[in-house]
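Reader: Hi, I have a structure open and would like to go through it with you step by step. Could you help me make sense of it?
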Amino acid sequence: MDDKFDCIVIGGGVAGLAASMMLAKANMKFLLIERGEFAGAKNVSGGVLWGNDLAKLVPNYWEEEDGGWERFINHRRLTFMDEQSTFSLDFKSSHFNEKPYTGVVVLRSKFDNWLSGKVQEAIDASDYAMDSFIATNIKVDEVLMENGKAVGIKTGEDEFHADSVIIAEGVNNLLTRQVGLQDNYVPADHMLTGIKEIIRFDQEVLEQKFQLNGLSGMSNEFVGWATDGVEGGGFLYTNRDTISLGLVVGIKDMREKKRSPHDLLNHFKTHPTIADIIKDGEIVEYSAHVVSSGDARAMPKELYKDGILIAGEAANLLMNAGKAIQGMDYAMRSGILAAETIIEAKEKGDFSSATLKNYRAKLDQSYVMKDINNFQDAVHLLHTETMQKKVPNLVCDFGRQFFTIKNEPTPKSEKMLLGAIKRHASLWELLKLGFKARKSL
Amino acid sequence: MKLLKLTERLGLVNYRNQSKSEIKPHIIVDTDICNSGCPHKCTTWVCPANCYTMDEENKVHFQVEDCIECGTCMYACDQGAVDWNYPDPEIGRGVNWNFG
Ligand SMILES: Cc1cc2nc3c(=O)[nH]c(=O)nc-3n(C[C@H](O)[C@H](O)[C@H](O)COP(=O)(O)OP(=O)(O)OC[C@H]3O[C@@H](n4cnc5c(N)ncnc54)[C@H](O)[C@@H]3O)c2cc1C
Ligand code: SF4
Ligand code: SF4
């Protein structure tokens with residue numbers, strides 16, 4: 001059959017675009033299908049794209065004047081928050097100014113659209129310039145199966161056929177469920193709602209506010225009062241002339257504590273530290289999207305099947321152990337590995353799981369699954385009440401005393417620390433936590 | 001900074017064809033389940049677009065117009081009342097993020 005593709009990629013998010021780029025560069029005949037009007041139209045992240053895989057897809061991407069990304073990160077901050085105070089670990093280094101950057105902030109509506117333009121360029125330069133396509137405004141309704149093997153997809157009344165399908169549909173993975181790799185109902189336990197506002201400033205004001213230089217940027221994560229006792233955390237990232245300010249909050253916990261994500265976001269914004277930052281800003285967008293927690297218990301049963309690979313957050317590949325959310329870099333790497341596996345399958349002429357299981361092996365050997373497996377305890381620890389409430393309160397209490405200078409004798413720091421511990425937790429609790437943290441980090 | 005109410009926030013969302021009321025909803029909620037057996041009715045507070053509301057008689061109602069396709073209700077409802085899907089792009093309905 002002439003019009004059969006080597007591969008159909010479902011979803012023009014980070015994972016699907018990364019896979020498509022590799023397929024185009026390897027002269028494969030493929031179809032990328034995205035339900036949005038353009039790639040990125042439906043996507044929300046914080047978001048920092050960590051690591052360096054982008055340079056594999058678009059070499060020297062930083063040389064482009066308006067390269068789809070907002071700012072590179074050379075300043076990182078992790079903030080503990082109580083009702084009135086913030087206590088931060090703050091790290092800034094010109095080391096991070098070197099290219100390739102180790103993290104760039106992106107706005108998905110712009111970034112995905114830009115990356116999809118790059119994929120189109122790669123298609124145009126390939127042997128299948130006239131036969132590979134990026135099709136937008138199309139929703140895949142069904143993965144077509146024949147004798148247990150994927151043979152294509154269905155959208156409305158139309159069918160498209162292929163030797164293989166990469167499902168890169170994101171966390172709300174309806175097709176992964178349809179092909180039986182994930183249960184039909186995924187409970188709220190390990191799922192969070194990410195919610196954010198884009199707040200605009202005059203660019204110079206923003207650069208002064210955050211001491212940015214050229215295209216440098218800052219990332220800031222928050223633990224504690226930010227989420228008012230609901231499991232999760234806050235984030236603030238600098239874009240060109242806006243900031244992304246938001247929360248990720250546990251859905252099950254909101255259900256049990258009767259809390260709304262949008263009210264929690266307003267709560268976060270009333271914190272004196274945050275209020276000072278966003279003063280004079282103008283809110284230009286409000287958005288929300290589900291995000292997984294990085295808990296391996298929420299992962300699909302398997303990530304391949306005859307003719308099928310699952311990439312990105314459709315496979316629940318994500319890590320959030322407090323210091324960063326890593327979903328886009330995992331999506332990118334898994335998309336790349338999925339495409340490599342399809343390219344090998346084409347060479348072998350075998351798209352069955354006998355070949356496609358190599359995807360799982362590649363992923364297991366990559367930093368993605370190594371980190372997911374090694375940091376499960378850290379993921380669990382972050383979601384305990386001790387880490388969500390007691391530690392931030394204790395740290396801020398200590399900070400307040402440590403930095404207060406009165407006209408009276410100052411107690412030794414150790415005494416201050418012990419006092420703070422006693423007020424918010426017990427020494428035993430903290431020893432246990434310290435022990436767990438040592439093992440898990 | 002002035003905090004925005006949810007309606008003001010939703011006013012900043014770029015929806016396509018939001019007013020096309022004849023369109024088949026992409027999410028179908030069996031409100032009989034909501035109003036007969038649901039012990040918490042949590043979607044009325046976890047939905048970030050307030051698509052689920054409760055009237056004076058504690059009855060749950062659902063409207064899809066403001067939906068921002070986030071997925072929260074698909075996980076939050078553990079009662080099997082939510083039949084969740086993406087809007088059909090052919091009709092051109094749903095969100096188009098300006099920033100994302
Ligand atoms: C508020 C928030 C903050 C975040 N912050 C960060 C961060 O700072 N750093 C980070 O790395 N990650 C972050 N993440 C996580 C990150 O956004 C995701 O992990 C990442 O987007 C996953 O990429 P993906 O390509 O797998 O899926 P997505 O980006 O969700 O892409 C899936 C694509 O598939 C399309 N699609 C779905 N179904 C169909 C269908 N049936 N037919 C056609 N098209 C379909 C969708 O329209 C979409 O374009 C954050 C997430 C949220 C919500
Ligand atoms: S949780 Fe489910 S059953 Fe309960 S009110 Fe919401 S949609 Fe209805
Ligand atoms: S998908 Fe999100 S916005 Fe839409 S109804 Fe469900 S919770 Fe509300």
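Reader: Let me start with a ligand: how far is an oxygen atom of ligand 1 from a polar backbone atom of Ala15(A)?
Author: Keeping in mind that this is a predicted model, an oxygen atom of ligand 1 is placed 2.9 Å from a polar backbone atom of Ala15(A).

Reader: How many residues surround ligand 1, and which are the closest?
Author: There are 38 residues around ligand 1, and the closest of them are Glu34(A), Val48(A), Arg108(A), Glu313(A) and Met328(A). The surrounding residues come from chains A and B, so this site is shared between chains.

Reader: What about ligand 3, which residues come nearest to it?
Author: Ligand 3 has 14 residues around it, and those that come nearest are Cys47(B), Cys67(B), Cys70(B), Gly71(B) and Cys73(B). Sorted by class, its shell consists of 12 nonpolar and 2 polar residues, with no charged residues.

Reader: Changing topic to the two chains: how much area do chain B and chain A bury between them?
Author: They bury about 4100 Å² between them, and 57% of that is on carbon and sulfur atoms. On the side of chain B, Met1(B), Tyr75(B) and Phe99(B) supply 22% of the area that this chain buries against chain A, which is more than any other three residues. The contact draws 41 residues from chain B and 57 residues from chain A.

Reader: How many salt bridges and polar pairs are there across it?
Author: The count of salt bridges between chain B and chain A is 5, and one of the salt bridges joins Arg16(B) to Glu37(A), with their closest N and O atoms 2.8 Å apart. Across the interface of chain B and chain A, 33 residue pairs are in polar contact.

Reader: Which element of chain B gives the largest share of the side that touches chain A?
Author: The largest share comes from H4(B), with 4 residues. By class, the side of chain B that touches chain A has 25 nonpolar, 8 polar and 8 charged residues.

Reader: I clicked on Arg9(B); is that residue buried or exposed?
Author: Arg9(B) counts as buried, because its relative accessibility is 1%. This arginine is found in helix H1 of chain B.

Reader: What does the side chain of Arg9(B) reach, then?
Author: The side chains of Arg9(B) and Glu197(A) are joined by a polar contact of 2.7 Å, and the side chain of Arg9(B) also reaches the backbone oxygen of His262(A) at 3.0 Å. Setting aside residues up to four places away in sequence, Arg9(B) touches several others, including Leu265(A), Asn266(A) and Tyr286(A).

Reader: Now chain A: which residue forms a salt bridge with Arg240(A)?
Author: The partner is Asp66(A), and the closest N and O atoms of the pair are 3.6 Å apart. Arg240(A) lies in the loop between strand S14 and strand S15 of chain A, while Asp66(A) is in the loop between helix H2 and strand S4, so the pair ties together parts that are 174 residues apart in sequence. Arg240(A) is buried, with a relative accessible area of 15%, whereas Asp66(A) counts as partly exposed at 48%.

Conventions: Residues are numbered from 1 along each chain as its sequence is written. Chains are lettered from A and ligands numbered from 1 in the order in which they are written. This is a predicted model: local features need pLDDT of at least 70, side-chain atom pairs count only at pLDDT 80 or more; totals for chains, interfaces and linings use all residues. Side-chain values use heavy atoms; hydrogens and water are left out. Contact means heavy atoms within 4.5 Å. Buried area is the accessible area (1.4 Å probe) that two parts lose on being put together, summed over both. A salt bridge is a side-chain nitrogen of Lys or Arg within 4 Å of a carboxyl oxygen of Asp or Glu. A polar contact is a pair of N or O atoms within 3.5 Å; within protein, one must be able to donate a hydrogen and the other to accept it, and residues adjacent in sequence count only if both atoms are side-chain atoms. Helices (H or I, at least four residues) and strands (E, at least two) are DSSP runs, numbered from the N terminus. Ala, Val, Leu, Ile, Met, Phe, Trp, Tyr, Cys and Pro count as nonpolar, Asp, Glu, Lys and Arg as charged, and the others, Gly among them, as polar. A residue is near a molecule or strand if one of its heavy atoms lies within 4 Å of it. Buried means under 20% relative accessible area, exposed over 50%, partly exposed in between (1.4 Å probe, protein chains only).
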